[in-house]
Amino acid sequence: MNQLIKLDKFYRSLKDITVINSALDRKRECLKNTVYAFNETVQKIKVSKNIVKQNEEMAQLLEDTINLIKKSSNSWVNNFEELLKKEKFRSDLENYFIIIIFGKVKAGKSSLGNFIAKHKLPKQKVEFFKYDEAGKKQDINKLEEIDGDSFDTNNLECTVEIQGFKLDGMAWIDTPGLGSMVKENGDLAKKYIQSADYIIYPTSSDSPLQQDEKAQLQELFRQNKKVTICITKSDEKIEDECECGSEQGCENCNEGIISKLQNKSAQNRQEQEEYVKKEIVQLISENPDAILGDIYSISTHVAAEALKIDDENLFEKSNIPKFYELITEVVRDKAEKLKSETPYNGLKSFIKNDIIGQNNQVNSINSIRQALQNLDTNISESIERFKLLQANANADLESEIERVVAEYYSKINKKNSKEMFSKIDAELNQNIAKSIQDNIEEIFSNFDTTLKSLTTSFSSEDFEIKDIYEKIEFSTNERNKKIGSGLFGTAASIGAGVLLASSPIGWAIAGTAAAGIAGDYLGGQIGEATGSSHTEEVGVGDNKDEVISHYKSVRLNYYVKYAKSLYQQMEDTFFRPLQQTSNSIASNINKFEKDLRQIL
């Protein structure tokens, strides 16, 4: 039979599969080290107690962000451990190209496996095995597992346990359907699907591609699995006359009537294939490369019967030769590529979906970045307010000093200056301390300072008001004239005053003239007697305005310096640690993601 050549090509291609999984093991170990090291680092992150004391709202936001990171990191570790458990199955088959036939109960899975195992080349050895519900592999005797050359299945065609066979470089795995009566087997099948290099998904011709099957296929496509879909059991039984021609019948018939198995009509197959293709297109719109090969109908039972009766036409129309052509192409041309890529798909899926995640996915790097962005926005807003406080501080201080000093200005004199300046200091210290505290409390609920250190002191010489004298130099002539003028001017003024009382105008004029003449005469006489010069200090006022101006300048410098040191303390004890914590988290996240993408 010529069609058998297609089968032989498949079995020969299995000999050419060579697989080395050491690269996968290295990547898996690298991912493990990366995830565990990151988790160890983030679990040590703590919020500074000082930050908590100073701004509870900001501290809570930081605490929530850190808790999200810790929770996410713990989930990554747990999920990775689950992934390793799944990979244990792969490690048992690490040198094989793993084909898993996965589908519902009664979808014809075991029948197809039976056919593949039975029609191997004469010198090829088939090694059967099974896994129990807990995923533990059992070395079984061939006769225990199979009846003749086929899998042991019950009347419901439900594979009770995970079972399969190894044939050269291929491992064929027959999973229980997700609708199996044994729930644990269905759960186990989901885990083992992750290990598949290539998946065959059969859907029964009795009712192809039901809703639950669509959901299963969508999950396979989401995991980037390569799938071949077959419409199985595409056959029907008909009644026909037996060739014996006897009404009594023979050993092969019942009263001359025999039951024959034949392929479903071409029209029936075409309609089912078009329906399944239409439904699949909707499922794989975002992943068109997920399907390998056309979707077509097959019948393993018709194929087996055709081989038995040596009917090549019947065998060809069963489409089993076409199925063999497809899987031969996969094994021969794509197996090595799939084998090199598929093992990483589990790691890729874990990294992209579980760790990096989508925009709104919780416990992912993307969700952590959103939380960090929210934290940084709040930090930036607080820093802007903080800078505004600093910018307004000096103006507020200068205004307050001017106001308080103005209130005391008229009361300050030479005798009470020390007392007055002490009172001004006390009032300024109190007012400025309250002003600074009010500003700080706009951002900080309980900044760690009492402001009692805001005190001033000065010695008895500081800000002392004194009289101001100027030195004046006199010649003796100028001085004596001034003295003489002073004496006679005084006497004359007295005499003139008496005369002025009786004759106001005349006596006033006479008194003035007399005073001037007497003064000039006496000054000239004294000047002639003494001709030397003299220097004398003359009082011209006090230095009150200068002292007050100096006081305001000194106090402004003091308060500005004090406020600057206080705001610097705020920056050093709150903003800088807050930013450092946020930046450190972001840096760790960025490095972690970079390491993960290198593994990809």
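I begin with a charge and a ring: K411 lies over the face of Y408, at 5.6 Å from the ring centre. By this I mean that NZ of Lys or CZ of Arg is within 6 Å of the ring centre and within 35 degrees of the ring normal. A second case is K166, whose charged end sits over the ring of F129, 5.9 Å from its centre.

Two remarks on the source. This is a predicted model, in which local features need pLDDT of at least 70 and side-chain atom pairs count only at pLDDT 80 or more, while totals for chains, interfaces and linings use all residues. Residues are numbered from 1 along each chain as its sequence is written, and side-chain values use heavy atoms, with hydrogens and water left out.

Next, the aromatic pairs. Rings of Phe, Tyr and Trp (its six-membered ring) pair if their centres lie within 6.5 Å; planes under 30 degrees apart count as stacked, over 60 as edge-to-face and the rest as tilted. The count by this rule is 20 aromatic pairs. One of them is the stacked pair of F165 and W172, at 6.1 Å centre to centre with 10 degrees between the planes. F421 and Y551 are also stacked, at 4.8 Å and 25 degrees. This pair links distant parts of the chain, with F421 in helix α14 (residues 417–440) and Y551 in helix α17 (residues 544–599), 130 residues apart. Helices here are DSSP runs (H or I, at least four residues), numbered from the N terminus. Both F421 and Y551 are buried, that is, under 20% relative accessible area with a 1.4 Å probe, protein chains only.

What is the size of the largest nonpolar core, and which residues have the most contacts inside it? The core has 65 residues, and L31 and I424 have the most contacts. Such a core is a set of buried Ala, Val, Leu, Ile, Met, Phe, Trp, Tyr and Cys residues joined through side-chain atoms within 4.5 Å. Helix α17 gives the most to this core, with 18 residues. I424 touches V404, V405, Y408, I412 and Y551 (heavy atoms within 4.5 Å), not counting residues up to four places away in sequence.

Finally, A393, D396, L397, S435, I436, N439 and Y567 line the largest cavity. A cavity is a set of points on a 1 Å grid over the protein atoms alone where a 1.4 Å probe fits but cannot get out, and lining residues have an atom within 4 Å of a point.

Note on methods. Helices (H or I, at least four residues) and strands (E, at least two) are DSSP runs, numbered from the N terminus. Buried means under 20% relative accessible area, exposed over 50%, partly exposed in between (1.4 Å probe, protein chains only). On a 1 Å grid over the protein atoms alone, a cavity is a set of points where a 1.4 Å probe fits but cannot get out, and a pocket is an open set with protein on both sides within 12 Å along at least five of seven lines; lining residues have an atom within 4 Å of a point.
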